[in-house]
Amino acid sequence: MTDPLFDSPEEEIHFDLFNVKNVSVFIKRDDMIHPFISGNKWRKLKYNLIEAQFIEKKHLVTFGGPYSNHLLATACAAAKFGFKSTGIVRGEPVENQTLMICKLFGMKLQFVKRTDYRDKQLIFNSRFADDADAYFINEGGSGNDAIKGCSELISELKQTYDHIVCACGTGTTVAGLLQGVQLAQTYTMVHAISVLKNAAEIEIGLEKFTKNLCQVRLHSEYNFGGYAKTNFQLLSFIKDFAVSTGILLDPVYTGKMMFGLFDLIEKDYFLQGSKILAIHTGGLMGLLGMSKEFNAMDN
Ligand SMILES: *Cc1c(COP(=O)(O)O)cnc(C)c1O
């Protein structure tokens, strides 16, 4: 598989707050990897795609919610690398911008009731039993392959950071970063900003991948009430950040991550002189689903 995607840039951003607190902050622009095969979703998919190609499967079958960045990334990657694709979508049939673009890339959508959605392997086995070309990709890419892909981010870095900050859903991306940092044998501390109310689960999840949790810190106070929950404070932070940097964040993942980073800096969490890297995990199409909320702020 020819890798279409480049090492994403590391860009320094400047705010008065950083000067006052004497820290420097850079962003790893994984949102620039690709408009649709974006951010950590590319990293998580990469080795799944290589495996599918290696065993000559021709049809990617994967899973996600109706605004899933993973479904979108898989739909586009399938088209790009010559696979057919099916997306199993959680919940009642709906139409939205994300799913529209999935369909443009040729993805066939099948909607599955929330209660049935839980057992993904069962869905796959029952619906694709007689399709020898079908290749199962778990929601967000499977464990070890996804972690390996995410760990590669660390070897791309142009300098060593004291702290790396990343949004955390399932924790797979953070597990990959942690693995990368440990392989590189740096002192970097990885900070996971949880976007859901599942801090305990993440901790257990991370323990499955590494016995060494001394280089990771979990921050659970920036989830804004849970997955995809927002408020005025978060949306106006995202707007101010975009105005000051030319960089968009989404309210589900990267907005909460960056809000958390600013708050930690504000509270003198980091030592003076710290060099910090925030991971922009991409997924900006999710913003389209929030146009009502943002438009409502204007008055
Ligand atoms: C999916 C996603 C995440 C969460 O990644 P996990 O590996 O599940 O923790 C973070 N940021 C963005 C933009 C995402 O799309």
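Mentor: Let us begin with K21, which forms a salt bridge with D268, the closest N and O atoms being 3.1 Å apart; the term stands for a side-chain nitrogen of Lys or Arg within 4 Å of a carboxyl oxygen of Asp or Glu. This pair links distant parts of the chain, since K21 sits in helix α1 (residues 16-21) and D268 in the loop between α11 and β10, 247 residues apart. Helices (H or I, at least four residues) and strands (E, at least two) are DSSP runs, numbered from the N terminus. K21 counts as buried at 18% relative accessibility, whereas D268, with a relative accessible area of 52%, is exposed; buried means under 20% relative accessible area, exposed over 50%, and partly exposed in between, with a 1.4 Å probe and protein chains only.

Before going further, note that this is a predicted model, in which local features need pLDDT of at least 70 and side-chain atom pairs count only at pLDDT 80 or more, while totals for chains, interfaces and linings use all residues. Residues are numbered from 1 along each chain as its sequence is written, and side-chain values use heavy atoms, with hydrogens and water left out.

The structure holds nine salt bridges, and another of them joins R29 to D31, with 2.9 Å between the closest N and O atoms; both of these residues are buried. E156 forms a salt bridge with R43, where the closest N and O atoms are 3.1 Å apart. Here too distant parts of the chain are linked, with E156 in helix α7 (residues 143-156) and R43 in helix α2 (residues 39-54), 113 residues apart. E156 counts as buried at 14% relative accessibility, and R43 counts as buried at 6%. Salt bridges that share partners join K28, D30, R43 and E156 into one network.

As for the sheet, six strands form an open, mixed arrangement in the order β1-β2-β10-β7-β8-β9, where two strands pair if DSSP finds at least two bridges between them. Its edge strands are β1 (10-13) and β9 (216-219), each of which pairs on one side only. Helix α11 (residues 254-266) packs on the sheet, touching β2 (24-29), β7, β8, β9 and β10 (275-280), and its direction makes about 165° with that of β10. Contact means heavy atoms within 4.5 Å, and axes are lines fitted to C-alpha atoms, for helices over the stretch in contact, with angles running from 0 to 180 degrees between N-to-C directions.
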